[in-house]
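Me: Can you walk me through the labels used for this model? I'd like to hear what stands behind each one.
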Amino acid sequence: MTSEQKKALLLLKAVIFNYHGLDDEERKILEKTAKEIDGYEELEWVNDFIAQDHFSSFERARGFFSNAIQTLDNQTRLSFLVQAWDANRAKGYVSEIEATSLLKLSKDWNIQKEFVSFVRNRPN
């Protein structure tokens, strides 16, 4: 995984988590992901990105993603969204705004049909 791909995955999870304020459990999930992908530098970049302006971080992230995912195939794009969905479920819930944001991104990434199908068929 390239550094840009690591940034994209970590930023995706982070902006979704930050809708309600990043709590300790979510921070641990991000740190675990960084460890798994050897992405500590990228996580630091993500934290700085969000800290620049918390309120606009999702929209700014959409701009970053438009470039970062260009080289990714649809399966990898879907994998990133699924990982973000599962990370949210791991904390016990996916709020309406988090689900809507992931759906927006799936549309941006031209995989909305695949993502909706995944969510519908995912066991509880």
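Reply: Buried means under 20% relative accessible area, exposed over 50%, and partly exposed in between (1.4 Å probe, protein chains only). This is a predicted model, where local features need pLDDT of at least 70, side-chain atom pairs count only at pLDDT 80 or more, and totals for chains, interfaces and linings use all residues. Residues are numbered from 1 along each chain as its sequence is written, and side-chain values use heavy atoms, leaving out hydrogens and water.

Me: Why is Lys7 called buried?
Reply: Its relative accessible area is 16%, and the cut-off is under 20%, so Lys7 is buried.

Me: What makes Glu4 and Lys7 a salt bridge?
Reply: The term needs a side-chain nitrogen of Lys or Arg within 4 Å of a carboxyl oxygen of Asp or Glu. Here the closest N and O atoms are 3.5 Å apart, and Glu4 and Lys7 do form a salt bridge. Glu4 itself is partly exposed because its relative accessibility is 36%.

Me: How do you know that Glu98 pairs with Lys91?
Reply: Their closest N and O atoms are 2.8 Å apart, so that's a salt bridge. Glu98 counts as buried at 0% relative accessibility, and Lys91 is buried too, at 9%. Through shared partners, salt bridges join Glu26, Lys91 and Glu98 into one network.
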